[in-house]
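Please examine the following structure with attention to its pockets and to its surface. The explanation below takes these topics in turn.

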Amino acid sequence: MSILITNIKQLLQVHEHNVTIIKGSAMKELSYIENAYVYIDYDTIIEYGKMEDCSSIEADTIIDATGKIVLPSWCDSHTHIVYAGDRTSEFVDRINGLSYAEIANKGGGILNSAKVLQETSEDDLYDQSIKRLNELIAMGTGAVEIKTGYGLTVEAELKMLRVIKRIKQESLAIIIPTLLAAHAIPEEFRSKKQDYIKYITQELIPKAAKLNITKYVDVFCEEGYFDIKDTEAILEAGNKYNLRPKIHVNQFNILGGIALGVKHNALSVDHLEELNDKDIEALKGSDTIPVALPGCSYFLSIPYTQARKIIDAGLPLAIATDYNPGSAPSGNMNFIVSAACVKLKLTPEEAINAATVNGAYAMGISNMYGSITRGKKANLIITKPMNHYSEIPYAFAHNPIEQVIINGQIL
Ligand SMILES: N=CN[C@@H](CCC(=O)O)C(=O)O
Ligand SMILES: [Zn+2]
């Protein structure tokens, strides 16, 4: 089926030549065409341009986008949307004064989510998770990374992977699964962490790799979780199965996880609420993209990633939701784009670049997603009428999305 979208007020992120990452000062530029059209056939962007040049194009469906903005759908490169239940009681505990660390130390946090997930059937876990995904898609997200990590046992982690696989098969959205092999230390391994590292490296990773569902491995490199030595052992085990790192680093403390990620050619290093000059230096000249998660900073009231420092050093930046039950229970990329402007001090152009092309890069899919380029997949957002694309981040917490097209299908 072919679709012609006409009279587009601003068609954003248009690139004649394919673009797979946008770095440093180039992030200030957002290429766009005013009074434009875009033509899609089946699942592919075939042509685009100024309205005066589209008179000869015929299509099965014509969408009149007068007064509206069209842009690539959001690429959310860091989520934990496969989880069971919620953690609203911990939310209230935090309001009443307990910290995230204090809640975790008394068996809450990730351990709490793991216990519930282990007791939840695979079908129920699928039902809860696909519902979250469908909500994300309706808010303009077309590509989503989904992590495991709430299993903590081989059995439960493989259950999570199978649920992610089923979601990938049944959803139109592009799903990138990541094995979050080391997320927390289960109670029974508290006094014997090295045994748990062995369990991860010798049992979990080989069995998970055998399912052939994921290309990425993740570790929560953080005080009280996995230190640099643990993280390195897990990344090396992953490497034996060609699992590329995409890791949680610098959320609360700087342990050297960024340099370690770069050393192991991580696709992305995520969180970075804490960041020093050495971290910035480590990223220079690498293929590793830093990913900021402002929804987590907002929800936990922790520092926001110093995004200006990253971009002004000539580095690329992606932004993502971190959607999870404990530190960021929202998958709304529109809010993340707005928070990136308001709190990380990105311009709207930088924030849109960070949430499209660079988000796609952080999932290893920017050759086919993230920009309006001939031959790329037709994943598009059509906004409600607005005067300028800057209204997307400006009018925070409103829903700017009118229609979403994923892989050439109108939802
Ligand atoms: N920090 C580690 N993992 C998640 C939160 C996990 C949780 O609290 O359930 C994150 O990215 O913030
Ligand atoms: Zn996370």
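A pocket is an open set of grid points where a 1.4 Å probe fits, with protein on both sides within 12 Å along at least five of seven lines. The model shown here is predicted.

In this model, the second largest pocket holds about 180 Å³ of space. Its lining is made up of 13 residues, and Leu 111, Gln 118, Pro 186, Glu 187 and Glu 188 are the closest to its centre. Helix H3 supplies the largest share of this lining, namely five residues. By class, the lining of the second largest pocket comprises six nonpolar, four polar and three charged residues.

The largest pocket has a volume of about 290 Å³. A total of 20 residues line this pocket, and those nearest its centre are Tyr 100, Ala 101, Ala 104, Tyr 225 and Phe 252. Two or more residues of the lining come from each of helix H2 (100-105) and helix H3 (110-119). H2 makes the greatest contribution, with four residues. The lining of the largest pocket contains eleven nonpolar, five polar and four charged residues.

Attention now turns to the surface. Phe 91, Val 92 and Ile 95 form a nonpolar patch there, and together they have about 270 Å² of accessible area. Ile 95 belongs to helix H1, which spans residues 88-95. Is Ile 95 buried or exposed? Ile 95 counts as exposed because its relative accessibility is 58%, and the cut-off for exposed is over 50%.

Notes. Residues are numbered from 1 along each chain as its sequence is written. Chains are lettered from A and ligands numbered from 1 in the order in which they are written. This is a predicted model: local features need pLDDT of at least 70, side-chain atom pairs count only at pLDDT 80 or more; totals for chains, interfaces and linings use all residues. Side-chain values use heavy atoms; hydrogens and water are left out. On a 1 Å grid over the protein atoms alone, a cavity is a set of points where a 1.4 Å probe fits but cannot get out, and a pocket is an open set with protein on both sides within 12 Å along at least five of seven lines; lining residues have an atom within 4 Å of a point. Grid points are joined across faces, edges and corners, and a volume is the space filled by probe spheres set on the points. Ala, Val, Leu, Ile, Met, Phe, Trp, Tyr, Cys and Pro count as nonpolar, Asp, Glu, Lys and Arg as charged, and the others, Gly among them, as polar. Patches are made of residues with over 30% relative accessible area and no salt bridge: like charges are joined within 9 Å, nonpolar side chains (Val, Leu, Ile, Met, Phe, Trp, Tyr) within 5 Å. Accessible areas come from the Shrake-Rupley method with a 1.4 Å probe; for residues, only the protein chains shown count as cover. A salt bridge is a side-chain nitrogen of Lys or Arg within 4 Å of a carboxyl oxygen of Asp or Glu. Buried means under 20% relative accessible area, exposed over 50%, partly exposed in between (1.4 Å probe, protein chains only).
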